[in-house]
Amino acid sequence: MRRSMQTALVTGGAGFLGSHLVEELLHLGYRVISLDNGSTSNGDNLVSDVTRWASRSDNGHVQHFWALSGDVTKPIAPQFLYDVRSLGGKRIDVVYHLASAVSPSYCDARPLQVIDVIVNGTLNALKLAKQMDARFVLASSSEIYGDAQLVPTPESYTGNVSPVGPRAPYAEGKRLAETLTEFHRRLELVDAGIARIFNCYGPRMRPGDGRVVPAFFEAIRDGRPIVLHGDGRSTRSFCYASDTARGLIALAESGLAGPVNIGSGQEVSMLELAEQVYRIIDQEPQFEHVNGTGSYSDDTQRRCPDLRIARRELGWEPRLTLESGLRRVARHYGFDVELLG
């Protein structure tokens, strides 16, 4: 593939994972357009490693990046298509659809808005991909599995999700987004693939949004103990953002329909994660145990993907170990730690 001739659109490109995906695509030689309305993202995410409205040279390829403001819950206006063509691209080759609120606090406060963004945003992004005859990649979520009874969880597992539970706006929204994407593919309207993303972490996560990795580092930075829910034995698997972005690109370039799990196969408890964070920054652990299981009353107890399809079909698996990734995040939060590899 001559990637330098390819144009990729990333909805939610100014968000946490979106900005890492933009960066990876540029490194590979893609021309990249970010579409974001800024509601849950930060424009600064696109400044540290990418220059807005500029081009740069890397490995002999001239790369281009454009940041456009837009709301995926609204139909894509003809003006947007004109703007894309005026930037020098006759078409978009691949649409990565990442636009969605993710943080528990945001989902708690705006459940109907979350559903609107996921469902109508997916429909509009699919329509754009159809208009451009572009490959479409949906960033779905491990949340569609709910409190899985089969761990590591394969893509064939159909889920254990309550449609009226506290997590429903996000989890059920993503399940419907997968349905919309799959039937657009079956009806041959769009060449589409579905990625089920497990817990992703790294620099640029929004502070105070309730996700565990930034919450742990923010607590230590601010002189507070790390809060653990219950006995801290619930588990997650954490995949560094650049590795997750590579998985999305591998899915797009493969032509595979999926769904495909993208995440880390290393299952770790919240207590183990907190202890590792303290070891990395060389501080004595301080914990505060509170009742409950987490952000939601029906919070998932275990989460870890079966990665066999990703390894076999995409040739993809994470490169960074959890310790290496956490050290990078620690440096992002101002802790003086040594990086690994």
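Modeller: The model is predicted, so local features need pLDDT of at least 70, side-chain atom pairs count only at pLDDT 80 or more, and totals for chains, interfaces and linings use all residues. Residues are numbered from 1 along each chain as its sequence is written, and side-chain values use heavy atoms, with hydrogens and water left out.

Colleague: How many aromatic pairs does a search of the whole structure find?

Modeller: Seven. Rings of Phe, Tyr and Trp (its six-membered ring) pair if their centres lie within 6.5 Å; planes under 30 degrees apart are stacked, over 60 edge-to-face, the rest tilted.

Colleague: Why is the pair of Y145 and F198 called tilted?

Modeller: The centres are 6.0 Å apart and the planes stand at 40°, so the pair is tilted.

Colleague: What makes Y145 count as buried?

Modeller: Buried means under 20% relative accessible area, exposed over 50%, partly exposed in between (1.4 Å probe, protein chains only). Y145 has 1% relative accessibility, so Y145 is buried. F198 has 3%, so F198 is buried too.

Colleague: What is the geometry of the F217 and F335 pair?

Modeller: That pair is tilted, at 6.1 Å centre to centre and 45° between the planes. F217 and F335 are 118 residues apart. Both are buried.

Colleague: Where does the charged end of R328 sit?

Modeller: Over the ring of Y240, 5.6 Å from its centre. The rule asks for NZ of Lys or CZ of Arg within 6 Å of the ring centre and within 35 degrees of the ring normal. R186 lies over the face of F183, 4.8 Å from the ring centre.

How values were computed. Helices (H or I, at least four residues) and strands (E, at least two) are DSSP runs, numbered from the N terminus.
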